[in-house]
Each structure stands twice: as structure tokens, then as C-alpha cells.
Amino acid sequence: MGKLQDKVAIVTGAGSGMGLAIATAYAHEGAKVVLADINAETLNKVEKAITEAGDTATSVTADMSKEDDIKNLVKEAVDTYGSLDILVNNAGIMDNFKTVGNVSDDLWNKVIAINLTGPFLASREAINVMKDQEHGGVIINNASVGGLFGARGGAAYAASKHGLLGLTKNIAATYGTFGNIRANAIAPGSVATNIGNSITDPDPLGGQAIAATGANDSPMGQPEQIAAVAVFLGSEDSNFVNGDVIKADGGWTAR
Ligand SMILES: NC(=O)c1ccc[n+]([C@@H]2O[C@H](COP(=O)([O-])OP(=O)(O)OC[C@H]3O[C@@H](n4cnc5c(N)ncnc54)[C@H](O)[C@@H]3O)[C@@H](O)[C@H]2O)c1
């Protein structure tokens, strides 16, 4: 019996990095995983790897900044597996460390749309399913230490991840306190994924501020180490944990 046996879980951004590791770990723990990503090619590879290992997964191509895609994703999960027990809002992008003075409207709007509005829309859809289930459900938001401190990304990234933690706590305080839906967040530090490839035009001042936190010397985690936290938060082992944020940064921000 896995820790997530027969749970139906959506994992967004499942084509790479932490989403891939979380989806793989969830499937390994017995969950039926609905993989979502904007990149259909990587998504199909992940689905193939999981099902070839004998575990259960299906995939839905979705842009998590588009409400229609999000509605379709949740509908597909329920139509395919009959319920929705866990939503992992993991998909996210960085912002080249752009400071307030240098961030364009387009970049700001894109980062907020994917990192914050997407999780809000997905949570709304998921809660509409979970609130009618006797056993409720679990929402896990993959935030960042950038949601707790000012200089772990640019202005849009910091704002989106701080907002994501606020959203997490609000869901916990309402649907957790007066319902049966838990919501928690993970705040990873530096993790070895593909997200670094998007830093193609780093803002000099933003980069300087991040370097001043010791980022270049921060412990480097592996996606599987974050997936282990996501398994804990998705499972009954954490059934008294609600509205919390678990930092997983190898001690970087404890310095
Ligand atoms: N890697 C780190 O050091 C780090 C640290 C803290 C937090 N995070 C957060 O972890 C999450 C996962 O990032 P990662 O490091 O694994 O990155 P990654 O780039 O390896 O994977 C992100 C995945 O999200 C997908 N994605 C991007 N935009 C999307 C969209 N609009 N709709 C659907 N899918 C989309 C990408 O295609 C990709 O498969 C992000 O929210 C990120 O902000 C990362």
C-alpha cells in the first residue's frame, strides 16, 4: 500500500524538474496522477515513463494561465478517475530577476498569470469538486523562498510567490477550518531543474541583490527532495498540517 494509494492527483508543470519528480513519486506511492504541462512533448515522455514503470498516469496539455485549459484539466481528472483528491500547483516561471524599475508590463502580467492566477483558478475548480467529497481534498502550492524573502527573484516573482502563500493560508483558514480541505505550501530554495535556463537576461541590480543573500553559495537540492515533502503534504501523515509553509532549502535562509 502506497502512502497515496488510489488518490487522484493533478500535478501541474509535470513535464520537468520538481513537477516531474512529484508526479513520479505520487504515482510510485499509488496515486492516479493527472499530469499537466504546457509542453506536450515532455509531458508525453513523463506519462510513458510512469506507465512503463507499472504506475498510473494520464496527461492533459494545459497552459496554466488559461482558464479554459484549467477547467478542462480538472474535468479530465474527474471524468477519467472519478474524483480529485490532491491538486499540486507546481507550474511556474522566473522573471530574469527584473527589478520594479525594469520589469515590463508583459513580463509582470505573465509571471502573475502563471505563478499566482493559475493556482487560484485551479484551486477554485478543484475546491468545487473537493467540497462535495466526504473526504475533502488537499491543495499543495509549490511556492519558493522567494515567497518569504525579498531577494530570491525579481519583483514579479517575489510578488507572485508571496501572493501564493497568502492564497494558501486563506484556503486553509476557510475550507480547512470550516470544511475538509487542507492547503499547504512548499518553499524550495535552490533546486537543480531546468528553470535556470530561462535566466537569459539577468537584471544587474536584481542579480546583485540576490547574490548578496549568498545565493551563489546556497545548498543545491534535487527535485526528489522536494517531491518527498509533497508526498508528506499529500498524505494522511500530514493530516494536522494546514495553512503552513514548509521551507526546503538545505538551510540557506537559516544562515
Ligand atoms: N528550481 C528552483 O530552484 C526553484 C526554487 C523555488 C521554487 N521553484 C518553483 O518550483 C516550480 C517548478 O519549477 P522547476 O524548477 O521544476 O522548473 P522547470 O522549468 O524545470 O519546470 C517547470 C515546468 O512548468 C511548465 N510550465 C511553465 N509554464 C507553464 C504554463 N503556463 N502552463 C503549464 N505548464 C507550464 C514547464 O513547461 C516545465 O515543464 C515553479 O513554480 C518554481 O517557481 C523553483
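Colleague: By class, how many nonpolar, polar and charged residues does the lining of the largest pocket have?
Modeller: This is a predicted model, and in it the largest pocket has a volume of about 1300 Å³. Its lining consists of 49 residues, with Gly-92, Met-94, Thr-193, Ile-195 and Gly-196 the closest to its centre. Divided by class, the lining of the largest pocket has 22 nonpolar, 21 polar and 6 charged residues.

Colleague: Which elements give two or more residues to the lining of the largest pocket?
Modeller: Among the contributors is strand E7, residues 190-191, and helix H1 (17-28) and helix H5 (155-176) also belong to the group that gives two or more residues to this lining.

Colleague: Where does the ligand lie, and how many residues surround it?
Modeller: The space that the ligand takes is the largest pocket. The shell around the ligand divides into 12 nonpolar, 12 polar and 3 charged residues, and helix H1, helix H5 and strand E7 each supply at least two of its residues. Ser-16, Asp-37, Asn-90, Tyr-157 and Thr-193 are the closest, and the residues that surround the ligand number 27.

Colleague: Which residues lie nearest the centre of the second largest pocket?
Modeller: About 210 Å³ of space lies in the second largest pocket, and by class its lining has 3 nonpolar, 7 polar and 5 charged residues. Of the 15 residues that line the second largest pocket, those nearest its centre are Lys-7, His-135, Val-138, Arg-182 and Glu-236.

How values were computed
Residues numbered from 1 in each chain as written. Predicted model: local features only at pLDDT ≥ 70, side-chain atom pairs only at ≥ 80, totals over all residues. Heavy atoms only, no water. Near = heavy atom within 4 Å. 1 Å grid on protein atoms, 1.4 Å probe; cavity = no way out; pocket = protein on both sides within 12 Å on 5 of 7 lines; lining within 4 Å. Sits in = over half its atoms within 2 Å of the grid points. Helix = DSSP H or I, 4+ residues; strand = E, 2+ residues; numbered from the N terminus. Nonpolar A, V, L, I, M, F, W, Y, C, P; charged D, E, K, R; others polar. Points joined across faces, edges and corners; volume = space filled by probe spheres on them.
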